[in-house]
Amino acid sequence: GYLKKMRLHSDLFCDKQIELLMGNIEEIYHIQQSFFHLLKLSLNDRNPHESLIGKCFLFYKEQFKKYSDYCINHPLSCLELIKLENNPIYREFFETCRLEANMIELKLDAFLLTPIQRICQYPLQLNELLKYTPYEHKDYNNIKQALNTMRDVASYINEQKRRMEYVEIIHKWQHTVECWQGKDLVETSAQGLGRADAFLYQNGKKEPVILFLFDHVLIICRKDRRNTLIYTDRADLDNTEIEDLRDGKVSRLDEENLVHLLNAWRLYDRTQNKTYLFTHRTPLDKMQMMDSLEYERAYVEENLSKGLDIPLYTRIATLKTRQYLADQSSSKSLPTMTRQNRSISAILRTSNSSCNNQASLLTTAPLPRRKSSLPRFVRCSSPDTSIDDSFRSIKSRFRLW
């Protein structure tokens with residue numbers, strides 16, 4: 001009703017606007033078409049109670065994850081729509097589309113909310129179906145698995161959205177650091193993990209630095225007289241060797257200088273063929289740093305095994321879209337991108353009351369506050385019951401920062 005007509009009016013909509021408003025709605029539509037066809041084939045019309053539909057959801061688990069891209073884009077879509085509807089020409093266009101397609105009396109933003117509502121409804125519906133399915137029914141186990149599967153999908157979508165929020169925060173943090181060199185942080189990382197004060201031994205000198213730990217990379221900064229962060233260097237953690245140095249060890253900085261090390265560790269970056277020597281004020285500071293580096297490796301490994309890494313093109317496209325919105329927006333009444341604006345559950349709460357219960361499926365529990373000197377942008381991953389014991393122990397120590 002809308003999309004085809006928007007493409008016919010290049011005088012009103014550029015390709016970027018259409019992509020921003022609609023997201024990957026066509027991809028979701030094709031997934032739902034084939035899913036609906038499979039559901040119909042799985043129904044027993046003569047004896048509906050003998051239908052076997054559980055496997056349909058199991059078969060489409062990976063395809064349903066495509067909803068995460070739509071959910072990530074939805075707040076941006078809402079902002080663009082608000083901006084356009086401030087113009088009476090666009091308001092009239094959207095209403096004409098609705099009338100010509102003989103659609104119910106809802107605005108475009110209500111239609112765009114439907115995919116998010118749908119992915120929330122599946123676990124609720126499957127849960128109700130399971131209640132009324134006897135244990136001896138042939139489909140009972142499949143429905144039970146389908147319910148867990150769709151809950152996993154909802155959790156996956158929520159986690160992806162949460163991680164995209166971190167990408168934005170990391171992007172903003174980078175712009176507070178002066179003299180940045182090399183790749184943008186969002187090209188390598190999607191999560192801030194921690195910070196620590198340290199001393200860097202380099203060129204025969206001992207210099208106070210601040211270490212910022214992200215997935216895949218360690219950023220080294222110093223502060224100037226204005227208390228501003230100045231970029232110093234970085235280390236690629238995917239290609240490094242870390243050595244825990246014992247106290248009292250003598251290390252040669254250069255031909256003239258020897259140093260007795262205390263609370264020290266060494267990092268060798270194979271990518272740059274460069275060695276960094278760090279020390280900390282106290283043994284506890286060093287222990288926390290060692291734990292956090294261990295945590296970073298476990299965190300990266302977990303992301304790879306679960307497919308939770310946000311692709312680079314998604315990170316960059318989202319940031320470019322936000323920049324596009326900022327450039328295009330001239331209205332001071334445009335809402336800011338607060339946490340509530342970005343939250344799927346908040347979006348759902350603004351819809352009809354029947355969706356309020358569904359919203360809870362995509363809401364994570366409050367994260368514990370950590371007593372530490374970590375920067376504001378750092379938050380630990382949400383609790384995950386599937387994490388193995390060794391990873392959990394590292395994580396629990398890391399939260400003591």
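A polar contact is a pair of N or O atoms within 3.5 Å; within protein, one must be able to donate a hydrogen and the other to accept it. The legends below describe close-up views of a predicted model.

View 1. The side chains of Asp233 and Lys274 are joined by a polar contact of 2.5 Å. Asp233 has a relative accessible area of 9% and is therefore buried, the limit for that class being under 20%. Apart from neighbours within four places in sequence, the residues in contact with Asp233 are Leu218, Ile219, Ile220, Gln272, Lys274 and Tyr276.

**View 2. Packing of helix α2 against helix α6.** Helix α2 (residues 15-22) packs with helix α6 (residues 67-85) at an angle of about 120°, and their axes are 6 Å apart. This angle makes α2 oblique to α6. From α2, the residues Gln17, Glu19, Leu20, Leu21 and Met22 take part in the contact. They meet Tyr70, Asn73, Leu76, Ser77, Glu80, Leu81, Lys83 and Leu84 of α6. Classified by residue type, the contact of α2 with α6 comprises seven nonpolar, three polar and three charged residues.

**View 3. Ala101 in the loop between α7 and α8.** Ala101 is partly exposed, with a relative accessible area of 34%. Although Ala101 and Tyr2 are 99 residues apart in sequence, their C-alpha atoms are 8.5 Å apart in space.

Terms used: Residues are numbered from 1 along each chain as its sequence is written. This is a predicted model: local features need pLDDT of at least 70, side-chain atom pairs count only at pLDDT 80 or more; totals for chains, interfaces and linings use all residues. Side-chain values use heavy atoms; hydrogens and water are left out. Axes are lines fitted to C-alpha atoms, for helices over the stretch in contact, and angles run from 0 to 180 degrees between N-to-C directions. Helices (H or I, at least four residues) and strands (E, at least two) are DSSP runs, numbered from the N terminus. Angles under 35 degrees count as roughly parallel, over 145 as roughly antiparallel, 65 to 115 as roughly perpendicular and the rest as oblique. Contact means heavy atoms within 4.5 Å. Ala, Val, Leu, Ile, Met, Phe, Trp, Tyr, Cys and Pro count as nonpolar, Asp, Glu, Lys and Arg as charged, and the others, Gly among them, as polar. Buried means under 20% relative accessible area, exposed over 50%, partly exposed in between (1.4 Å probe, protein chains only).
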